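Trainee: I would like to learn how to read side-chain packing from a coordinate file, one feature at a time. Could you give the general idea first and then the case at hand?

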Amino acid sequence: MANSNIVTIANSNYYKFTERMIQSLRKTTQHNVLLFCDNAELFAGLQYLGGIEVIELASIKTHGIYRARFDAYNQAIKQGSFLYLDSDIIILEDISELLLLKKFSGCADDMSACSFIENKQFPWKDKNLENTRYINTGVFFAPQGLSPFFDEVYQESLDDAKWATYGDPILADNHFLNAYLNKHSIDIYYIDEYTYNWQGFIKGAELQVRRDGDHLYNIGHGNLLKVAHFAGIKTNLIESFIKSMPIEISNLLKSKVSALSDEEFFVQNIIESYKIRRAIECSPYEISGIDVLPIEFNDGTLEGAADN
């Protein structure tokens, strides 16, 4: 575990999401993070979270964020084994057990959410390549012994023809890495997707969790959800998606990235919602996206909450 890093990659558009992911990570671990980015000066602003090595990748600008991931993987694995986390993730529980893994590990993905992939058995343009293993690459562990493999995949990702053959306009780097996992018959240790990935959290745009105390559980399998992965939700819609959730779920997610308690978030939401209603002088039930019942405080008014 001492030789393993946590790795993520982001461009400037993902600054806020990256900050949130590392904030949630810091709730349970101070483990070292290798943060690959397009602007080291900007992302240096996250070093207040501690234990972050910011590495600027020129390849993000020259080849785009998806292909640059293979540059990041290749550089990271030369420093040791690593746990990769997408920057749009919120960590809900301690996941340090993933840093103890010895084999390449990830969550199985049957591509059931990918209706645009008609042939799941042969999903690449190279129809001689059969899909016998497929993971969601938003969360995976790579042992340092696979350094030669990642070096090859990085070199192959620079080839436009290879990228067109093994990548995908939507699945992008996820599809490309899985192609090479299959081409090299990489042995995969599967970790539970209902605990560590999107399958336990969302299906399409529908939540698949219930709250019990300070924890979320998958409603179908009962698994404790440790990772909230917003896979499939467009970047510009993630905040709206969180706001659309039942307040007990959204408050829990917010509490994972802030020093505020769940109760403080509830009161904060009441106060802010009241301020908005008061500012536009309308009924408390006429604001789109806000569903707050009137609550009386000790002095009988909502202003009393703001004064306390």
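Trainee: Are Phe201 and Phe230 buried or exposed?

Mentor: Before that, note that this is a predicted model, in which local features need pLDDT of at least 70 and side-chain atom pairs count only at pLDDT 80 or more, while totals for chains, interfaces and linings use all residues. Residues are numbered from 1 along each chain as its sequence is written, and side-chain values use heavy atoms, with hydrogens and water left out. A residue is called buried under 20% relative accessible area, exposed over 50% and partly exposed in between, with a 1.4 Å probe and protein chains only; both Phe201 and Phe230 are buried.

Trainee: How many aromatic pairs are there, and what is the geometry of Phe70 and Trp163?

Mentor: Rings of Phe, Tyr and Trp (its six-membered ring) pair if their centres lie within 6.5 Å, and planes under 30 degrees apart count as stacked, over 60 as edge-to-face and the rest as tilted. By this rule the count comes to 21 aromatic pairs. Phe70 and Trp163 make an edge-to-face pair, with 6.2 Å centre to centre and 75° between the planes. Helices are DSSP runs of H or I with at least four residues, and strands are runs of E with at least two, numbered from the N terminus. Because Phe70 lies in helix H4 and Trp163 in helix H6 (residues 160–166), this pair ties together parts that are 93 residues apart in sequence. Phe70 is buried, with a relative accessible area of 1%, and Trp163 is buried too, at 16%.

Trainee: Which cluster do ring pairs link Phe70 into?

Mentor: Ring pairs link Phe70 into a cluster whose members include Tyr73, Phe82, Phe149, Phe150, Trp163 and Tyr180.

Trainee: Where is Asp71 placed, and what is the nearest side chain of opposite charge?

Mentor: A salt bridge requires a side-chain nitrogen of Lys or Arg within 4 Å of a carboxyl oxygen of Asp or Glu, and for charge, Lys and Arg count as positive and Asp and Glu as negative, with His and the chain ends not counted. Asp71 belongs to helix H4 (residues 65–77); this residue is buried yet has no salt bridge, the nearest side chain of opposite charge being Lys78, 8.3 Å away.

Trainee: Which residues is Asp71 in contact with, leaving aside neighbours within four places in sequence?

Mentor: Contact means heavy atoms within 4.5 Å, and with those neighbours left aside, Asp71 is in contact with Leu57, Ser59 and Tyr154.
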